[in-house]
Structures are given as C-alpha cells and as structure tokens.
Amino acid sequence: MTELYDVAIVGAGAAGLTAGIYVSRKKLKNLIISVDVGGLTNLTNHIENYPGAGTQPGPDLMNKFFEEAKGFGSQFKYAKVEKVNKQSDGTFELLLEGGEKISSKTVILAFGSLPKMIGVPGETKFLGRGVSTCATCDAPLYKGKVTAVIGGGNSAVEGALELSNLATKTYLIHRREEFRADPITLEKLKASPNVEIITNATVLEIIGEKKVETLKLKTSFGDHLIKVDGVFIEIGHEVKADFIKGLVDLNAQNEVIVDLVGKTNVPGIFAAGDATINPYKQTVISAGSGATAALECYKYIMGSKAILSDWK
Ligand code: NAP
C-alpha cells in the first residue's frame, strides 16, 4: 500500500523548510520535495536582515534551516513535482518527474519564484561574482564600487537608490523611456548626484575574466562599453506554477492566491512564501508565512482536536 504522508511540502526555501520545522514539531509525518535546498536566499552572499542570525552567506543560513527541519523529523526528496491531483477520498497525489507518486493528506506549496534573467552572455557565468538578482541583499558588497542596475520597475529603481548610498557611481539601465517605477521613487533617484540613468538601452553582454568588469550596451547612439564592478538584474520574478494550474487559484502572475493564514481555494492545500501573492519577497517573511501555513495545516488535519496554544 502507498505510504500516506500527513503533509507534502513542495519547495525547500525559507518557507518550505520553516513549514517542515513547524509540522514536524506537531508530530505530523511530512515530506519536503524540492529540486534544491535554500531557494532564492542561496543567491545572496550576504544576508544581514534575518533578525537574530547576524550576517552570513545566504546558503549558510538555509543550511541551518535544513538541518533543523531534518532534526525535527522532516523527510526530504530531491525531485520536481510535475502535477498535484485531488483524489476522491480528499487526499492528494503528487506526481514526480520520473513517474513516482506521493500521497498526502495535505499539501503546502512553497516552491518560490525565480528571478527573471535577461539571457545575455556572461549573465549566468558571473552570477555571484559581480552579477546579482537582489540589490537589497547584495548592495553592501559594493561600497566604493561602480554598479549598474538593469530594469525600469520599482525593484530596479529602489535597488539603484540603495546602491547610490554605497557605490561611487550607479548606472540605471532601462530598455524604454518610460518607467514602471513609482514617480516619487524615480524623482529621488534622478536627484542622486552619483546616478546616471541610461534609457533606451539593452544589455548585450556582461564581460570579465574572473568577475564582472565591463557591460556592453546597445543604445540609440550605438554600442557602448561601461566599466562596472557589479550588475544587478532587477527585471522582476516569475512563478512557475504549471503543475498546479487548474487546481489552485492563481493570479495573473501565476502567484498562488492565499488568505492571511495561507489557505488556498482548495481545502487541504496551503501556500507560503514567494510563490504566493504576498508582495514582499523577503526571507524573513517567507519563513513567517511558512510557519503560518504549517499551523493552519495542522489545524485542518486535527480539526476540533487542534491545540494551537503551543507556540513555543
Ligand atoms: P516590474 O514592475 O515587472 O518591472 C520589471 C522591469 O524590468 C520593467 O521596467 C521591464 O521593462 C524590465 N524588464 C523586463 N524584462 C526585461 C528584459 N528582458 N530586459 C530588460 N528589461 C526588462 O518588476 P519589479 O520592479 O520587480 O516589481 C514587481 C512588482 O513588485 C511591481 O508591482 C512593483 O511595484 C512591486 N514592487 C514594489 C515595491 C515597493 O512597493 N516598495 C518594491 C519593489 C517592487 P518594461 O517596462 O519595458 O516592460
């Protein structure tokens, strides 16, 4: 007979691992299924806004989450979930790449989002060596350096503002004339003396030997090379939710629609972290929402027997 888990958690970033810790402490039999451990937090070398944890590389912090989840009893499976189906008895079946099937009474979706990439030469090669997808996380590494931010939304403009306080010079490079960013933020950026905004420009290549050295741009005045130490790709994130389409309600950006406690439209399916409609994509927020979804999941499984006063 197929093993039936109490909880199947999809994703092992801050949200999924925290959910694992919480459901394990409630003695629920849980399996975390993920293609990696750490999620987006792994992309920063320098996380200093996870309260109480000091400053450390993102992967180190995520490894602690991982060890704690394992220590409390979460089981792990490195795999990609291809489909989630609701069964006639109210349980769920998760189909994994390769054909394996997992059965569970509940599901916590914590599969996160992926930073959008431009797709130019050098971008992947220098990820973590001058290319970053998170200005908020990595700006402190660029004190006294020259940086460029790509994008025209709030993430890019706010990122450039943050960098302008640390870097000697920051370029904001946007492919159009008009910005999506809030005008008030854009005005602040325009007033920064060490910021140069280059519009109608696209990145052709990120060049360097061991780390980023030069950015090759295509502009309306021809191709240009600019010397930079860091390039921040801030062109948004995407949620890849094909495996739950048609089952769970998603918004236009494929983010899972949840209520305040992480419930989706499907009883027994909960969601947390960057994969949800929560607008603030931060490690500490993902961890908190993972805990919330886990407690709500526990309540769903236990029904009237749930004791939620055990908050220690
Ligand atoms: P966004 O609003 O979708 O903006 C993405 C930007 O990147 C756009 O300017 C877009 O250009 C550009 N872009 C997309 N693909 C590109 C490519 N391949 N090459 C070059 N440029 C590309 O994304 P976001 O800035 O991450 O913001 C996402 C959401 O979070 C927004 O709703 C935003 O308001 C919100 N947010 C809010 C705050 C805040 O409230 N403090 C902070 C950050 C983000 P086009 O304009 O030409 O499409």
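Which residues are around the ligand?

**View 1. Residues around the ligand in the predicted model.**

**View 2. Polar atoms facing oxygen atoms of the ligand.** In the side chain of Asn 154, a polar atom lies 2.8 Å from an oxygen atom of the ligand. For Arg 175, an N or O atom of the side chain is 2.9 Å from an oxygen atom of the ligand. Gly 153 takes part through its backbone, where an N or O atom lies 3.4 Å from an oxygen atom of the ligand. On its own, the ligand has 900 Å² of accessible area, and the protein covers 66% of this area.

**View 3. The two domains assigned to the protein chain.** Domain 1 is assigned in two segments, residues 4-113 and residues 239-311. Domain 2 is assigned to residues 131-233. The centres of domain 1 and domain 2, taken over C-alpha atoms, are separated by 34 Å.

**View 4. The contact between domain 1 and domain 2.** Here 6 residues of domain 1 are in contact with 6 residues of domain 2. Between them, the two domains bury about 460 Å², and 52% of this buried area is on carbon and sulfur atoms. The side of domain 1 that touches domain 2 is made up of 4 polar, 1 nonpolar and 1 charged residues. Between domain 1 and domain 2, the number of salt bridges is 0. The count of residue pairs in polar contact between these domains, with both residues at pLDDT 80 or more, is likewise 0.

Methods
Residues numbered from 1 in each chain as written. Predicted model: local features only at pLDDT ≥ 70, side-chain atom pairs only at ≥ 80, totals over all residues. Heavy atoms only, no water. Near = heavy atom within 4 Å. Polar contact = N/O pair within 3.5 Å; in protein donor to acceptor, adjacent residues only side chain to side chain. Areas by Shrake-Rupley, 256 points an atom, 1.4 Å probe, with all protein chains shown as cover. Domains from an automatic or database assignment. Contact = heavy atoms within 4.5 Å. Buried area = accessible area lost by both parts, 1.4 Å probe. Salt bridge = Lys/Arg side-chain N within 4 Å of Asp/Glu carboxyl O. Nonpolar A, V, L, I, M, F, W, Y, C, P; charged D, E, K, R; others polar.
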